[in-house]
Amino acid sequence: MASPSEAEANVSHVEKKKKPPVRYWQETRGKTKDDNKAEGQLEQQKEQQTQREKKRKRDEQPGGETKVISGKSDPFPGPAPIPKDKLEKFKRKGKIQKPHQHHYKLKDIITRSEEASEMAQKQAARFDFLLPEDAGFLEGDEDEDTCMISQEDIADAVDITSGAKYFNLKLCQFGPYRLDYSRTGRHLLLGGRRGHVACVDWQSKQLMCELNVMESVNDVKWLHTEHMFAVAQKKWLYIYDSNGIELHCIRKFNDVLRMQFLPYHFLLATASATGFLQYLDVSVGKEVAAICTKTGRLDVMCQNPHNAVIHLGHSNGTVTLWSPNQKEALVKMLCHQGGVRSVTVDKTGTYMITSGMDKKMKVFDIRAFKPLRSYFLPTGASCLSLSQRGLLSAATGDIVQVYRDVWSTPVTKPYMAHRVRGSVWGLGFCPFEDVLGVGHGEGFTSMLVPGAGEPNFDGLDANPYRSAKQRQEWEVKALLEKIQPELITLDPSELGHVDRATFEQRHQDRVEALGFDPLGKEKFVPKHKKKGRSSAAGIERRKRQVGHEDQRDVIRKTVEDRMKLEEDRNRMKEKKAALSGKRSALDRFKK
Amino acid sequence: MKVKVLSRNPDDYVRETKHDIQRVPRNYDPSLHPFEVSREYTRALNATKLERVFAKPFLASLDGHRDGVNCLAKHPRSLSTLLSGSCDGEVKVWNLTKHECVRTLQAHEGFVRGMVVRYCGSSFFTIGDDKTIKHWKMEAPGYGEEEEPLNTILGKAVFTGLDHHQKSAVFATCGHQVDIWDEQRSTPIRSFTWGVDSFSSVRFNPVETELLGSCASDRSIVLYDMRESTPLKKVIMTMRTNTISWNPMEAYYFTCANEDYNLYTYDMRYLENPVKVHVDHVSAVLDVDYSPTGREFVSASFDKTIRIFPKDSASSREVYHTKRMQHVICVKWSADSKYILSGSDEMNIRLWKANAAEKLGVLSPREKQAIHYSQKLKEKFQHHPQIKRIARHRHLPKVIHHQRKELRVMKEARRRKCVSSFFFFFFLSPGSTEGRNDGNPPLPPFKGEVAIWAGAREKV
């Protein structure tokens, strides 16, 4: 009877405040929180670890959830989780082992720099989500091979601008052609065997210049901008500008067959028929190094874009690695039985792909110098080229095949294939575009290869849309930070490592500084005694006495050390025993 | 068949009108930026070279004195005001922004020995060879008024050093003894002596404001507490100390400028050994002053150079000299930590930048960012031999260069001698531990020369 009246009394005359309308996150709040937790659990754990010292911070957000003044709680508490693979992508190196306690300053510096780099890594990973473009792809329907899809079908299926990137240039007079795309991917350079050189802004199909050098052309290469290119002609190396005006004829470089341009070093590496590998610094016009490889005609060449080492393929099946600082090869690898026909290295400098006269195509891990996979191609591949996203194109006769994931999974079928007219002479993926350029006997073909190019370029490095002003600015900056050729090594991060002096080296320095060897022991020379007391036997006896004395000292010291160690150990043991033997106040709750 | 080919809309990547700024899309993927370390190294090398190119520290010379500048005083409230006293008894007040003298007064007969501005900035004290302490107003007298001190105290002996308390109306002088004065009285409220000597400089501690330190001509540095009647501590060095300066941030450290070409930083709690010995001068060090940040100090020397030392480094990071600058008598670090002022024998006061390559004036954000970036790079690669060599190189006058070399040879010879004597000693008595457990080898006393290490030999 009493309870209803009480309930009555509790009802106030003021109406209770209306509940706010239910929002979409409130029902699923628990769930989303769990999801968040699951995703970001690892991160949060890490964060908690770092926050253990910063107690104040932890107190502010005990559950990682803060109350706002309005009373509502944050539905998505804590920082947004970052997937692990994204973080891994931006990781530079592992944790540094921290020094002992007494190096407290060093420890502090390391901790702070580690924190900074972690933050940078996280920010970069976050920024990665915001990249605007996605990579291309090509997927067949069921029971449809992607390699059976023709270029015309792809060109029809995609938008007009992309479709226009599939085209053929019929140049049957001066072929076969070699080609090179500029670093931004906007410009194309074509060099016909019989002297025809042309550079084209290939996207707008605008011809920049066209000339016939009236000599055989072995190779063509863009230099650092689209304003200069090098042509390896019958006898000498020439440099032209984009209007086709001959700027230089470099007589030091003769019979050049293949060229590679190292963009960050401003070096043009050339391989000649006489077996010379030469480096030309194009910023100052000086020959940096000329190396006689003593391996005969060099017509297989590529660069490792990761460390600027030049790879040369030879007719005896070896691939050699070169830097301008050394007269001998850095590495010699026997890759094929029979000659090497083509070599290429991927962007990260991890994999090298070679093809040889034995009709095999092999994948090597170039960091460990180990073979990973070997494929047999019935006709053998004459040209190889890797795209930015790791697609491999191989020219077998007049057919261009494109493979995907050659290093991770054993591949049986090509990703794409295309037949061109005449045998393929030059092959190259266009940077930042899904385009593969093929130079062949009948001219040039630009093929669409979805998924080949890097979708997001970096505006400060290679910007396809840069204006003249931006290009000029970039050129100045790039020249200012030109890397010296001495810094070309197999491991490009070597410069950032600590050069630890060995113990011997340090000891030697110490001896030099002190003028005597502090660790050295002086040899005992017995004193000469007079009156016949210095007999040979006596001297020997004295020597032995001193020797024994020394030996005894050593033994005594080792015994003492051992005793001390033993004592320490015993003391520790006792301490432990005493600790474990003591009954603590909490022991009574034990069963 | 499903297909997607990369196709970018140029409108997303090109600016709309030429009045916009250019669009620069970024992608921080490490594989798009090869040779990270080598490129950073090249940048660091360039930054280091550029720093040397832009190192132009000398800003202005203030001339007007008719005799050597003997002392300088900073104004505690106004950055642009500087006071200087010369050897003919003249005191000048300078406006640093305009590089001009705003007021001149004949303060003393003979040298102006010391000068200090009161903490409020409204008046200043001078002492001179005429045994007087004078208290002056900071404003110039009006038209027709005579230049007269507010107050004059006649002392019994010559005063050589002067400093004012940070907060209260008390100042300290030194001469035959260290005196603490109340501004209102004409006799000292307290006097300290410890042996017969004459003092050369006295300084109040900026944090523990009742503490003060002084250096005496019997090669000692003495610490006092104003509230006590006797001095606190004393340390005796091998040679005389000219000036001391307290670190304004960690005020338990003080640095003293010694006659033996070195500066010694002491922890006042542990006076047995100096915390650091700063070598590099090739003649007696005459003055020292800390930067207000407490991370660096500047020293003036008889060898006609000014050097800047990081507080915990044994060698200087910077040396300033000009052809015309003679023996530098006094030096001050400005209160905004950006400038250094030096007064020298040849009657000029010179204004220097504290960071030789710093760009003065307002910086745009991009400029600031670029400076920070290059600073970080220089820091990162500072230990690489080539960068280190460039960053460390300083052109020195021929005389100083040769003197440095000579000193190095002397030091080397002394060290060799030391080592051999140590060796001798060690081999003579292999059983005794005296030679070994002593941290450093025993130093044979050198007459009239500088001890290599540890200015303090005895503690009283």
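This is a predicted model: local features need pLDDT of at least 70, side-chain atom pairs count only at pLDDT 80 or more; totals for chains, interfaces and linings use all residues.
Local features need pLDDT of at least 70, side-chain atom pairs count only at pLDDT 80 or more, and totals for chains, interfaces and linings use all residues. Residues are numbered from 1 along each chain as its sequence is written, chains are lettered from A in the order in which they are written, and side-chain values use heavy atoms, without hydrogens and water.

Helix H2 of chain B covers residues 365-380. Helices are DSSP runs of H or I with at least four residues, strands are runs of E with at least two, and both are numbered from the N terminus. H2(B) has 16 residues and reaches 22 Å from its first C-alpha to its last. This is close to the 22 Å expected at 1.5 Å a residue, taken as 1.5 Å times one less than the number of residues. Ser374(B), Leu377(B) and Lys378(B) are its buried residues. Buried means under 20% relative accessible area, exposed over 50%, and partly exposed in between (1.4 Å probe, protein chains only). The buried residues of H2(B) pack against helix H1 (36-53) of chain B, with contact meaning heavy atoms within 4.5 Å. On the other side of H2(B), the exposed residues include Pro365(B), His372(B) and Lys380(B).

Thr230(B) lies in the loop between strands E17 (220-225) and E18 (233-237) of chain B. Thr230(B) counts as partly exposed because its relative accessibility is 45%. Thr230(B) and Arg190(B) are 40 residues apart in sequence. Their C-alpha atoms are 9.6 Å apart in space.

In chain A, Met563(A) lies in helix H11 (residues 536-581). Met563(A) counts as exposed, at 54% relative accessibility.
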